Structure formats: structure tokens, C-alpha cells
Amino acid sequence: MKKYFLIILTSLFLSGCVLFNTVSYEITMRTETSGSALVIINDICTDATNEEDEMNDVNNVFDYAAKSKEFITDQESEGKKITNRKLFVEGNQLNAMLSFDFDDINKVEGIQFDDPYYYLTLSPEDSVVSTNGQLFEYDNYKRIVWDKSIRVLKFTMFSEDTDKPGVKKMSVYYNKEK
């Protein structure tokens, strides 16, 4: 699963030191293969071990992902037309919201459509927190399946424990960068 979510998240967080607790998707289908998606990334942190790497993480989140035209262009090249993006703080957690339109569901984290089902195949290590589809677990993979009658596909994935030692909340930079 992390390989699929890295499509969008790698473009958000280039340095590899940026972590987040969960990522949630709400995908609204307008046709069988096109629609819009809302992505919420919760508790964005860094595990950088030096100031230079930490500042690179800050710049990647606050400048590239949240403000740059380059991010928009990069996402368009992957079949995602960004309609909104923002960073916000809840409590002591920095979160991100990203919404985009797409013409091909396959461009959304590898979700496939095989009439009459949508499905997302994950690695067995991936942790599905919630979904409105059916989750099937096998030895070599997990799969979330939605009947095409479901027009809004939802799922939340756990990524990292952001409360572990060595992890710094990026919310401390929010007001400084705003």
C-alpha cells in the first residue's frame, strides 16, 4: 500500500524524513472511471536528525506542496487536476487537505475498475483503519473492494506512529510559515 500512496506523498514530501500518522481518501465517482478525490493527511511530522534535513522537510511541506505551481504541474502529469490544497493545525497536529479531479480512476493510488467492482490491492503489512468497502485479507496481499453502486469510495490508512521518540511535530512551523 505504501508504494501506492507514495505516488502522491512522494511528490508532497521529497526528502523521505517527513512522516504522517494517517491518510484518508474520499473518492466521489461521477462516471465509472472519473470523479474527484479528497485526501486528508493527519499529523505531519519530521524525523530529520539534523537542522538541514529538518529545514528541507519544512520547505517541502510549506513551500513545494502547499504553495508551488510545480506541485500542481507534477500532479497534473500524474492525471490529477488539483482543485484545492491547504495546511491546517488541529491541536498540535499539522494536517493537509488536497482535493483533485481525475478522468481515470487508475490514476488514484492504483485503484482499479473491473465492472462491477472497484478495488485497491495493498501489501499484507498495510494497515487499513477504516473503509466503506469490503476488506479481504490473503497471505500475499489485502484488497478493498467496492461495488460500483457505491458512488463515494472511502478508506483510511495508518502510516506511522508520530508520537514515538525522535519525531518532531511540524505544526510548530505553521504560524512561522503562514
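**Helix contact and strand pairing in the predicted model**

Y64, A65 and K67 of α2 touch K69, E70, F71 and D74 of α3, where contact means heavy atoms within 4.5 Å and where helices (H or I, at least four residues) and strands (E, at least two) are DSSP runs, numbered from the N terminus. By class, the residues of this contact come out as three nonpolar, no polar and four charged; here Ala, Val, Leu, Ile, Met, Phe, Trp, Tyr, Cys and Pro count as nonpolar, Asp, Glu, Lys and Arg as charged, and the others, Gly among them, as polar.

A word on the model itself: it is predicted, so local features need pLDDT of at least 70, side-chain atom pairs count only at pLDDT 80 or more, and totals for chains, interfaces and linings use all residues. Residues are numbered from 1 along each chain as its sequence is written, and side-chain values use heavy atoms, with hydrogens and water left out.

Back to the helices: the axes of α2 (residues 51-67) and α3 (residues 69-77) come within 5 Å and cross at roughly 60°. Axes are lines fitted to C-alpha atoms, for helices over the stretch in contact, with angles running from 0 to 180 degrees between N-to-C directions.

On to the strands, which pair if DSSP finds at least two bridges between them. An open sheet of four strands runs in the order β7-β8-β11-β10, with antiparallel pairing. β7 (112-114) and β10 (134-137) sit at the edges with a single partner strand each, so one side of each is left without a neighbour in the sheet. From one strand to the next, the twist averages 30°. Within this sheet, β8 (residues 117-122) and β11 (residues 142-147) run antiparallel and are joined by six bridges, and Y119 stands opposite V145 in β11.

Another open sheet is built from three strands in the order β1-β4-β13, again with antiparallel pairing. Its edge strands are β1 (18-19) and β13 (168-169), each pairing on one side only. Two bridges link β4 (residues 45-46) to β13 in the antiparallel sense, with K168 in β13 as the bridge partner of T46.

Then there is β12 (residues 152-158), which pairs antiparallel with β2 (residues 22-29) over seven bridges; Y25 stands opposite F155 here. β12 also runs antiparallel to β9 (residues 127-131), joined by four bridges, and M157 in β12 is the bridge partner of V128.
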